[in-house]
Amino acid sequence: MLNFYGRKYPRNIKNDQLKELYDFKFFLDKSKIKTFKTKTKKFETFNLEIGFGFGENIFAQSAKNDKDLFLGCDPYLSGSFNLKKDIKTFSLKNLFFTNLGFLELFEFLKNTIFTKIVILFPDPWPKKRHKKRRLINSSFVSLLELITFEKTKIIVATDHEDYLSQILYEFYKSKSFELSTEVIGYEVYTCFDISLTKYHKKAKKSNKRVYFLLFEKKKS
Ligand SMILES: C[S@@+](CC[C@H](N)C(=O)[O-])C[C@H]1O[C@@H](n2cnc3c(N)ncnc32)[C@H](O)[C@@H]1O
């Protein structure tokens, strides 16, 4: 499986903007990702957002919880430019982001345990022949087992019913996770104070039903 399918660079991006981004302390490209552990060692609680898009949620979460560390990954760079601006404007010290896709990032995360993992509106790849490109599949769920502990919460949102079934099935099959029956549906959105993102807005505009799911580690 390829690490990422899609466009990486926004249109009209200039070389000096790219250089500034790659030089930015909180942006960890492939050459800097190894420094993640040392740069973040004073934090106790780690959170991960996979596919942060334009960065609305990870920015809001990190601004509201300055004692916790937030790491976001998304190979599409548009949101990275937003996050760079936000981090500078609000002098954030707890938000790191990378252009590595999740699979590539995972190689550097082996000993990192996340308290919360957020995946909002992962690409649904609706065509039958593209379904294998979907991020959430059984091997993805197996990798999550290695970066989670008994208290980890995994929050997923989608407006695509076929992908919803797949997500539910993949987690149902796993030995480690179960769907929470305590916090369900839109309660997940409010309870975890999730911010409205570009794709959530899109779904609302086209009156699509949005599903929020909370997965937890199975209690042994
Ligand atoms: C449909 S958009 C949703 C963006 C945002 N979460 C939102 O709710 O607006 C899916 C995002 O996932 C990113 N993405 C796709 N594959 C990825 C991967 N393997 N690792 C990390 N991000 C990925 C895409 O670049 C895109 O920004």
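The largest pocket of this predicted model has a volume of about 970 Å³, and 43 residues line it, those closest to its centre being Gly-51, Asp-74, Phe-121, Pro-122 and Asp-123. The space that the ligand takes up is this largest pocket.

**Lining of the largest pocket**

- Among the secondary-structure elements, β1 (46-50), α5 (102-106), β4 (114-120) and α9 (198-205) each contribute at least two residues to the lining of the largest pocket.
- The largest share of that lining comes from α9, which supplies 4 residues.
- Sorted by class, the residues that line the largest pocket comprise 24 nonpolar, 8 polar and 11 charged ones.

**The ligand and its surroundings**

- The ligand is surrounded by 19 residues, and the closest of these are Gly-51, Asp-74, Phe-102, Leu-120 and Thr-197.
- Divided by class, this shell around the ligand consists of 11 nonpolar, 5 polar and 3 charged residues.
- Gly-51 and Asp-74 are listed among the residues closest to the centre of the largest pocket, and Gly-51 and Asp-74 are also listed among the residues closest to the ligand.

**Polar contacts and burial of the ligand**

- On the nitrogen side, a nitrogen atom of the ligand lies 2.9 Å from a backbone N or O atom of Phe-102.
- Turning to oxygen, a polar side-chain atom of Thr-197 lies 2.7 Å from an oxygen atom of the ligand, while a polar backbone atom of Tyr-199 is 3.0 Å from an oxygen atom of the ligand.
- Taken alone, the ligand exposes 590 Å², and the protein buries 92% of that area.

- The elements β1, α3 (56-64), β2 (69-73) and β4 each give two or more residues to the lining of the largest cavity.
- By class, the lining of the largest cavity is made up of 6 nonpolar, 3 polar and 2 charged residues.
- Both β1 and β4 supply at least two residues to the lining of the largest pocket, and β1 and β4 likewise give two or more residues to the lining of the largest cavity.

How values were computed
Residues numbered from 1 in each chain as written. Predicted model: local features only at pLDDT ≥ 70, side-chain atom pairs only at ≥ 80, totals over all residues. Heavy atoms only, no water. 1 Å grid on protein atoms, 1.4 Å probe; cavity = no way out; pocket = protein on both sides within 12 Å on 5 of 7 lines; lining within 4 Å. Points joined across faces, edges and corners; volume = space filled by probe spheres on them. Nonpolar A, V, L, I, M, F, W, Y, C, P; charged D, E, K, R; others polar. Near = heavy atom within 4 Å. Polar contact = N/O pair within 3.5 Å; in protein donor to acceptor, adjacent residues only side chain to side chain. Areas by Shrake-Rupley, 256 points an atom, 1.4 Å probe, with all protein chains shown as cover. Sits in = over half its atoms within 2 Å of the grid points.
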